[in-house]
Amino acid sequence: MISLSNIPGEITEFCARCAEGLPSLTEDNARIQCIRKEFPSLLRNTSLFARILADITSGAKYPDLGYATMFDNELLLYADPGRLFSLRLFLWDAGDYTPVHDHSSWGVIGPVSGTLEVINYRRDDPGSQAGQARLIEAERLLLEPGETAFTLPLNDGIHTIGNPTDEAMLSLSLYGSPLPRGYINGFDLATGYIYQIVAPKIKKKVLATKALIGLDKAAGEDAFKRVRAHHLDIMRSAAENPK
């Protein structure tokens, strides 16, 4: 867990406003609009993020570089105690992009610096063949600091995002409470193959338990059940979710 005493006041104040506005909203689109109204002012607070980046380089406790996240360029900035949402910082080198992937929740994204490219896809297949999908590019956005885009759960939120420029940049994402599936789907555009993406820190534990099954089946299966249960619990909770 992140100690509230380590979180900058601008972050806690922003998240307090989000926590106040979200509980009464029952539809994802309404939640997205609520956050998109608040997000630009935070995205434009470059002095705040300059301090956070300086803290990262100096080895400060916040944000925690060892915290389990889905992507290796991702840092957890805040997790709502009521598990309504989490706020995440992404660091992008020149030309960095995520794999094409879906989401386990709704979300709002935007750049703090530089340009963030968002390429949205839609499925163009009936979904009848397990592990396969045919995707068509639906939209391509170039966001500047203060501008936002959104995503939705599962097939309604398939995209890749990244840095199309030749300079490093950073972006923010706020995600709602995730579905309890324990992974997100990645999509290979060339082959149509669908694969699961899990947090690297957790993936190591899962692979270790699978390998243990080969050496000691009973011990390995017991360990796998424990790791999987813990994995799903982490993914359910915005407070403990790797992204």
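Why does arginine 83 count as partly exposed? The legends below answer this in the view of the loops.

**About the model.** This is a predicted model, in which local features need pLDDT of at least 70, side-chain atom pairs count only at pLDDT 80 or more, and totals for chains, interfaces and linings use all residues. Residues are numbered from 1 along each chain as its sequence is written, and side-chain values use heavy atoms, with hydrogens and water left out.

**View 1. The two domains of the protein chain.** The chain is divided into domain 1 (4-197) and domain 2 (202-240). These bounds come from an automatic or database domain assignment. The C-alpha centres of domain 1 and domain 2 lie 26 Å apart.

View 2. Helices (H or I, at least four residues) and strands (E, at least two) are DSSP runs, numbered from the N terminus. Helix H1 covers residues 9-21. The expected span of a helix is 1.5 Å times one less than its number of residues. For the 13 residues of H1 that gives 18 Å, and the end C-alpha atoms are 18 Å apart, which agrees. Buried means under 20% relative accessible area, exposed means over 50%, and partly exposed is in between (1.4 Å probe, protein chains only). Ile11, Phe14, Cys15 and Cys18 of H1 are buried. They cover an arc of only 95 degrees around the axis, which puts them on the same side of H1. The arc is that of the directions from the helix axis to the C-beta atoms. An α-helix has 3.6 residues a turn, so residues three or four places apart point the same way. Glu13 and Glu20 are exposed, on the face of H1 turned away from its buried side. The buried residues of H1 pack against helix H2 (28-43), helix H3 (46-58), strand E1 (74-79), strand E2 (85-92) and strand E8 (169-176). Contact here means heavy atoms within 4.5 Å.

View 3. Two strands pair if DSSP finds at least two bridges between them. This open sheet runs in the order E1-E2-E8-E3-E6, with antiparallel pairing. E1 and strand E6 (149-151) are the edge strands, and each pairs on one side only. From one strand to the next, the twist averages 25 degrees. Axes are lines fitted to C-alpha atoms, for helices over the stretch in contact, and angles run from 0 to 180 degrees between N-to-C directions. E2 and E8 run antiparallel, joined by eight bridges. Leucine 89 has leucine 172 in E8 as its bridge partner. H2 packs on the sheet and touches E2, strand E3 (107-111), E6 and E8. The direction of H2 makes about 25 degrees with that of E3. H3 also packs on the sheet, touching E1, E2 and E8. The direction of H3 makes about 70 degrees with that of E2.

**View 4. Strand E3, covered on both faces.** Five of the five residues of E3 are buried, so E3 is largely enclosed by the rest of the structure. Gly107, Ile109 and Pro111 lie on one side, Val108 and Gly110 on the other. Three bridges join E3 to E6, and the two run antiparallel. Glycine 107 stands opposite threonine 151 in E6. With E8, E3 pairs in the antiparallel sense over five bridges. Proline 111 stands opposite serine 171 in E8.

**View 5. The three-stranded sheet.** This open sheet has the order E5-E4-E7, with antiparallel pairing. Strand E5 (135-143) and strand E7 (158-162) are its edge strands, each pairing on one side only. The twist averages 20 degrees from one strand to the next. Strand E4 (residues 116-123) pairs with E5 in the antiparallel sense over eight bridges. The bridge partner of tyrosine 121 is glutamate 137 in E5.

**View 6. Helix H4.** H4 covers residues 200-215. Its 16 residues should span 22 Å at 1.5 Å a residue, and its end C-alpha atoms are 23 Å apart, which agrees. Ile202, Val206 and Thr209 are the buried residues of H4. They cover an arc of only 60 degrees around the axis, which puts them on the same side of H4. Lys204, Ala211, Gly214 and Leu215 are exposed on the other side of H4.

View 7. Arginine 83 is found in the loop between E1 and E2. Arginine 83 counts as partly exposed because its relative accessibility is 40%. Its phi is positive, about 60 degrees, although arginine 83 is not a glycine. Leucine 154 lies in the loop between E6 and E7. Phi of leucine 154 is also positive, near 60 degrees, in a residue other than glycine. At 36% relative accessibility, leucine 154 counts as partly exposed. Proline 63 is found in the loop between H3 and E1. A cis peptide bond joins tyrosine 62 and proline 63, with omega about -10 degrees.
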